[in-house]
Every structure is written in C-alpha cells, then in structure tokens.
Amino acid sequence: MFWEQSSNQMRRRVIAQFGDFKNRCAAWSAVPPHRLFGRHKSAGVGVITYHRVMPQFPGRPSAPLSVTPRKFAAQLAGLLATGYQPISIGELVQRHANGCLPTTPTFAVAFDDAFECVHRFAFPILQDLGIPATVFVPTAYLNAQSALPFDPWSLAGDANIPKWSWRAMSNQQTEEMLASGLIEIGSHTHTHRRFDGADTDADADPAARAEVESFRTDLARSTEVLASEFGIENPPFSFPFGANGRAMRRAVRDAGMSCAFTTNCGNVHRQDNQFNWSRLGAEQWDSSITLAAKIDGWFEHLRSQWRLLRASRPTEATSVQTQTASSLKHG
C-alpha cells in the first residue's frame with residue numbers, strides 16, 4: 001500500500017511538472033512575435049487572474065496557482081512601466097456594452113476564491129500601484145475558520161502554517177477592500193461546488209435540469225449575501241471549475257450578474273458575449289514580458305492557430321499542446 005501511494009504521488013508530480021513545462025513553453029512562444037510585431041490586431045483586453053498571493057514556505061509544497069508578493073509586484077509594475085493601462089472589470093463591462101473597448105494595451109486584474117492572503121499581501125501592492133482589481137468570492141466561506149473544501153493544496157488547514165495562507169477573507173476585510181474604491185467584489189457562486197451536471201445543453205435531460213435549478217439556487221444565495229452584507233448589486237461572476245454550458249450562462253444572466261468569466265484562456269473582445277468571457281492565468285514563473293505577450297493577443301492567436309493545425313491533421317496529432325485552462329480551473 002505504501003509503495004502504491006508513493007508511486008501515485010510521484011506520477012502526479014511528474015504529470016504536474018510536465019504540464020507546467022508545457023505551459024511555460026506556450027507562454028514564452030508568444031514573446032518573439034510580440035517583440036517583433038507588437039500588439040496583435042485582434043488583441044482585445046486581457047483579464048489576468050490570480051488565486052493566492054503569499055510567500056512560499058521553505059521545505060513545504062507550494063500552493064497551486066500561488067504567486068509570491070515580490071513576483072506579483074514585479075509583474076504588475078513591469079506592465080505599468082511599459083505603458084500597459086489597468087482597467088476595472090466594472091469599466092470593462094460598461095465599455096463593452098457601449099462597443100468601445102480600449103484599443104491600446106489594457107489589462108484587468110482578478111482573483112478567484114477570496115483567500116485571506118489576497119487581502120494581506122496583494123491589496124497593499126495594488127494600492128501602491130493604483131491598480132484596480134476584482135475579487136470573486138464564494139460567499140459561503142466568508143468568515144470561515146476552516147480550510148476551503150475545494151482547495152487542492154495539501155497543506156490547507158495545516159495548523160503549522162499561518163491561517164491566512166488557506167483561510168477565506170472575512171466580511172471586515174472585504175469591506176475594507178471595497179471602501180478603498182479600488183477593489184470590486186464579484187460572485188464565485190455561494191458554495192463553489194461542482195455543477196458539472198448542469199454543463200449540458202440537453203434541455204430534455206431531467207438530471208441536467210435539476211442540476212441547473214440547483215445552480216440557480218446557489219447563485220441566488222450568493223447574490224443575496226453580496227447585496228445584504230455589502231450592498232453590491234449586479235456583480236460580475238466567475239464560473240468555478242470551468243463548467244459553463246448555455247443553461248448555466250442563462251442562469252447567470254437571469255441572476256442579474258453584469259458579466260461572467262469562464263476558464264477559457266484568451267482575451268475579451270468587442271464581439272464576445274459578456275456571459276462567456278475568457279481570461280488569462282498568471283503564475284509564479286510568469287514575467288511582465290510573458291504577461292504582455294498574452295495581453296497583446298499573441299498567446300491567444302498562436303493557440304487558435306495550433307487548434308486549426310491539429311484539426312486539419314487529426315491523424316498526426318501530437319501530445320504537445322499550448323497552455324490550457326489549467327491555471328484557472330482549480331478555482
């Protein structure tokens with residue numbers, strides 16, 4: 001049993017390391033054309049999504065999708081220094097509705113899951129740099145003292161590391177961020193549970209319809225909490241785990257959300273449905289250079305070209321793929 005568990009753990013580590021290597025290669029492959037040709041003609045607006053911002057614990061496994069404060073500050077300061085302009089998601093929604101998205105290099109910042117470390121480490125950096133951001137909150141876990149049940153980190157809930165590394169924000173911390181005028185709060189559902197059964201377009205499927213109704217109930221509770229606790233109406237929304245079928249997008253629209261982000265990797269364009277927006281993941285190995293190449297549309301363009309190539313040569317498909325939504329689907 002011990003050897004079987006060790007073998008499984010090693011296999012998972014190898015798979016994760018290989019996936020990380022592919023992601024890095026995909027991101028850096030967008031840098032040369034970005035530097036040669038500048039902004040791609042179909043760039044749109046890049047929404048950079050984070051999960052945790054916190055220091056690493058020496059000798060302990062790093063939390064998935066975690067960026068250190070030093071790296072976080074360097075990524076965003078580097079973008080500002082090279083002329084990239086930040087935009088809030090609220091303004092992005094308004095400009096999309098008016099059909100006038102920015103044509104200059106523009107990015108938004110978002111956080112999934114509302115970990116307390118975002119308030120502790122990311123918030124002061126955002127204030128120093130004057131960059132707006134949106135925190136997507138799974139409202140059931142505000143003020144909770146236990147680890148979030150969907151957290152994949154093996155150390156989540158460990159009494160030997162600081163609680164702010166795995167605990168969700170409190171109402172007071174949320175209010176403090178809102179009061180700054182720099183931070184928006186969005187919905188990440190209430191319970192952050194998997195609604196995979198709702199991710200179908202088969203309206204005749206009774207099980208799928210029941211799951212969609214469950215999703216609607218969860219959304220209603222989330223919007224109720226945001227309205228009663230913080231006075232937030234028509235918040236932006238972020239789908240957990242990537243499930244976002246048509247019925248789910250209709251439910252989000254009916255719940256009064258202003259927009260919805262999927263885990264699809266890409267930018268926001270003028271022609272996009274605002275309840276099916278893509279975004280970009282940011283990781284510890286990203287630099288302001290790779291993020292700039294993503295924001296300027298080269299990562300999205302190369303990814304779409306690779307898909308066309310694979311579709312045209314199905315019998316010669318290779319296992320090497322561009323970066324997927326793995327940097328978003330955890331949360």
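**Contacts and buried sites in a predicted model**

Biologist: Is Phe299 buried or exposed, and what is its relative accessible area?

Modeller: Buried means under 20% relative accessible area, exposed over 50%, and partly exposed in between (1.4 Å probe, protein chains only). This is a predicted model, in which local features need pLDDT of at least 70, side-chain atom pairs count only at pLDDT 80 or more, and totals for chains, interfaces and linings use all residues. Residues are numbered from 1 along each chain as its sequence is written, and side-chain values use heavy atoms, with hydrogens and water left out. Phe299 is buried, because its relative accessible area is 2%.

Biologist: In which helix does Phe299 lie, and what separation do the C-alpha atoms of Phe299 and Ala30 have?

Modeller: Helices (H or I, at least four residues) and strands (E, at least two) are DSSP runs, numbered from the N terminus. Phe299 belongs to helix H10, which spans residues 298–312. Although Phe299 and Ala30 are 269 residues apart along the chain, their C-alpha atoms are separated by 5.1 Å.

Biologist: How many salt bridges does the whole structure have?

Modeller: Side chains of opposite charge can pair when their charged atoms come close. A salt bridge is counted when a side-chain nitrogen of Lys or Arg lies within 4 Å of a carboxyl oxygen of Asp or Glu. A search of the whole structure gives a count of twelve.

Biologist: How many aromatic pairs does the structure hold, and what is the geometry of the pair of Phe121 and Trp164?

Modeller: Rings of Phe, Tyr and Trp (its six-membered ring) pair if their centres lie within 6.5 Å; planes under 30 degrees apart count as stacked, over 60 as edge-to-face and the rest as tilted. The structure holds 13 such pairs. For Phe121 and Trp164 the centres are 5.0 Å apart and the planes are at 70 degrees, a geometry that is edge-to-face.

Biologist: Where do Phe121 and Trp164 lie, and which aromatic cluster includes them?

Modeller: Phe121 is in helix H5 (residues 116–129), whereas Trp164 is in the loop between strand E6 (133–137) and helix H6 (171–179), 43 residues apart. Both Phe121 and Trp164 are buried. The cluster is formed by Phe57, Phe121, Trp153 and Trp164.

Biologist: Over which ring does the charged end of Arg52 sit?

Modeller: A charge sits over a ring if NZ of Lys or CZ of Arg is within 6 Å of the ring centre and within 35 degrees of the ring normal. The charged end of Arg52 is 3.9 Å from the centre of the ring of Phe115.

Biologist: Is Asp113 buried or exposed, and what is the value of its phi?

Modeller: Asp113 is placed in the loop between strand E5 (106–112) and H5. Asp113 is buried, because its relative accessible area is 3%. Its phi is positive in a residue other than glycine, near 85 degrees.
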